[in-house]
Amino acid sequence: MSFFDKLKKGASEAGEKAKIMIEINKVKVQIFQTEKELKDEFKTIGETTFELYKKGNFDKLLESIEENCNNCLKKLEEIKELELEIKEINDGKKCPDCNKDVSYDTKFCYYCGYKFKVKDYKEELMNDTLICRNCNANLDKGSKFCANCGEEIN
């Protein structure tokens, strides 16, 4: 292989890696924005709870907390899906039959021919993630401590 062929190949690989990094950074920005919205929702829960308590409006208190908590759960789910998207872009997936790494958008394993079910794969990854009760970071199933804040996971 000539010098220019190697240079061309290297430039092509660098371009592909840059494209992947750009995609990952776009998703990270979305995660950051969603985490900010989640923190704002937590703040709203506290402020609303206090104001309704101060006014003695206990009936509306529970309703308000439930609505805000449901919004928080939606935001956490959005973050989990975005982190899954990064994992797919970055890592790809493993074939359950031959255990070889393949790209995340592969429909059939090019080593053994296994047919992937995209929905099942995403559900599997979503179920393998835990959320730290201290900092809300996503953790891999089986984690004993949070990699973000050090909180022990029970």
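A residue counts as partly exposed when its relative accessible area lies between the limits for buried, under 20%, and exposed, over 50%. Asp 40, with a relative accessible area of 38%, is therefore partly exposed. This and the other values below were computed from a predicted model. The protein averages a pLDDT of 81, and 86% of the residues score at least 70. Among its elements, helix H2 (residues 58-91) has the highest mean pLDDT, 87, whereas helix H3 (residues 118-127) has the lowest, 51. Where pLDDT is low, the predicted coordinates should not be read in detail.

The count of salt bridges comes to 5. In one of them, the side chains of Asp 40 and Lys 36 meet at 3.2 Å, N to O. Both residues belong to helix H1 and are 4 residues apart, about one turn of the helix. Lys 36 is partly exposed, because its relative accessibility is 48%. Another salt bridge joins Lys 43 to Glu 47, with 4.0 Å between the closest N and O atoms. These two residues are also 4 residues apart in helix H1, which separates them by about one helical turn. Lys 43 is exposed at 53% relative accessible area, while Glu 47 is partly exposed at 44%.

A further salt bridge is formed by Lys 75 and Glu 37, whose closest N and O atoms are 2.5 Å apart. Lys 75 lies in helix H2 and Glu 37 in helix H1, so this pair ties together parts that are 38 residues apart in sequence. Lys 75 counts as buried, with 19% relative accessibility, whereas Glu 37 is partly exposed, with 36%.

The whole structure contains 2 aromatic pairs. In the pair of Tyr 53 and Phe 58, the ring centres are 5.7 Å apart and the planes stand at 70 degrees, so the arrangement is edge-to-face. Tyr 53 is exposed, with a relative accessible area of 54%; Phe 58 is partly exposed, at 47%. The rings of Tyr 110 and Tyr 111 have centres 5.3 Å apart and planes at 45 degrees, so that pair is tilted. Tyr 110 is exposed, at 52% relative accessibility. The ring of Tyr 111 also has the charged end of Lys 100 sitting over it, 5.4 Å from the ring centre.

Leu 7 is placed in helix H1 (residues 3-55) and is partly exposed, with a relative accessibility of 48%.

Terms used. Residues numbered from 1 in each chain as written. Predicted model: local features only at pLDDT ≥ 70, side-chain atom pairs only at ≥ 80, totals over all residues. Heavy atoms only, no water. Phe/Tyr/Trp six-rings, centres within 6.5 Å; stacked < 30°, edge-to-face > 60°. Buried < 20%, exposed > 50% of the residue type's maximum accessible area, 1.4 Å probe, protein only. Lys NZ or Arg CZ within 6 Å of the ring centre and 35° of its normal. pLDDT = per-residue confidence, 0-100.
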